[in-house]
Amino acid sequence: MSKPTDVDSYIVNADKEARPTLEELREIIKSTVPEAEEGISYNVPFYTFHGTHVGFTAFKNHATFGIGADALRSEDRKMLEEKGYKTGKETIQIKYGQAVPTTEITQLLEAKVEEARKAQ
């Protein structure tokens, strides 16, 4: 993948299998946090808002949504893993062809926004 200049170019240059998942993650973020500033950081899509950020990355067989350890608690990871998603301390892996956990990501984003607003 060539070095992206914006999120559109990142998605367009991603593998064909990745694009629907990336587009859905982008839409979830933009609809849940409309004030988020969209950009590229470390060559991947990043969204900043209220002093915090989230982002996503395309890999060969999955996309990773990064939300931060402050928002992805152990009970969230357990619930997502029970639904078939692999998680890390700060991330959720979504295999291509696997449904994006829209409700769960939306709830995590809403909680992250609320915490970020309180911290300001």
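The model is predicted, so local features need pLDDT of at least 70, side-chain atom pairs count only at pLDDT 80 or more, and totals for chains, interfaces and linings use all residues. Residues are numbered from 1 along each chain as its sequence is written, and side-chain values use heavy atoms, with hydrogens and water left out.

I begin with the sheet. Six strands make up an open sheet in the order E1-E2-E3-E4-E6-E5, with antiparallel pairing. Strands here are DSSP runs of E with at least two residues, helices are runs of H or I with at least four, and both are numbered from the N terminus. Two strands are taken to pair if DSSP finds at least two bridges between them. At the edges are strand E1 (37–41) and strand E5 (86–87), each of which pairs on one side only.

Let me go through the pairings in turn. E1 and E2 run antiparallel and are joined by five bridges, with Ser41 opposite Val44 in E2. Their hairpin has two residues between the strands, and Tyr42 in this hairpin takes a positive phi near 55°. Strand E2 (residues 44–49) then pairs with strand E3 (residues 52–58) in the antiparallel sense over four bridges. Within this pairing, Tyr47 stands opposite Val54, and Phe49 has Thr52 as its bridge partner. This hairpin too has two residues between its strands, and His50 in the turn has a positive phi of about 50°.

E3 is joined to E4 by four bridges, again antiparallel, and the two form a hairpin with three residues between them. E4 and E6 pair in the antiparallel sense over five bridges. Four of the five residues of E4 are buried, where buried means under 20% relative accessible area, exposed means over 50%, and partly exposed lies in between, with a 1.4 Å probe and protein chains only.

Not counting residues up to four places away in sequence, Thr57 touches Tyr10, Leu22, Val44, His62, Ala63 and Thr64; contact means heavy atoms within 4.5 Å.

I turn now to the helices. Two packed helices are described by the angle between their axes and the distance between the axes. Helix H2 (residues 19–32) and H4 pack at an angle of about 40°, with their axes 10 Å apart. Axes are lines fitted to C-alpha atoms, for helices over the stretch in contact, and angles run from 0 to 180 degrees between N-to-C directions. H2 is therefore oblique to H4, since angles under 35 degrees count as roughly parallel, over 145 as roughly antiparallel, 65 to 115 as roughly perpendicular and the rest as oblique.

Which residues of H2 and H4 meet? From H2 come Glu24, Leu25, Ile28, Ile29 and Thr32, and from H4 come Thr102, Ile105, Thr106, Leu109 and Glu110.

Is Asp76 buried or exposed? Asp76 counts as buried because its relative accessibility is 10%. Leaving aside neighbours within four places in sequence, Asp76 is in contact with Ala71 and Leu108.
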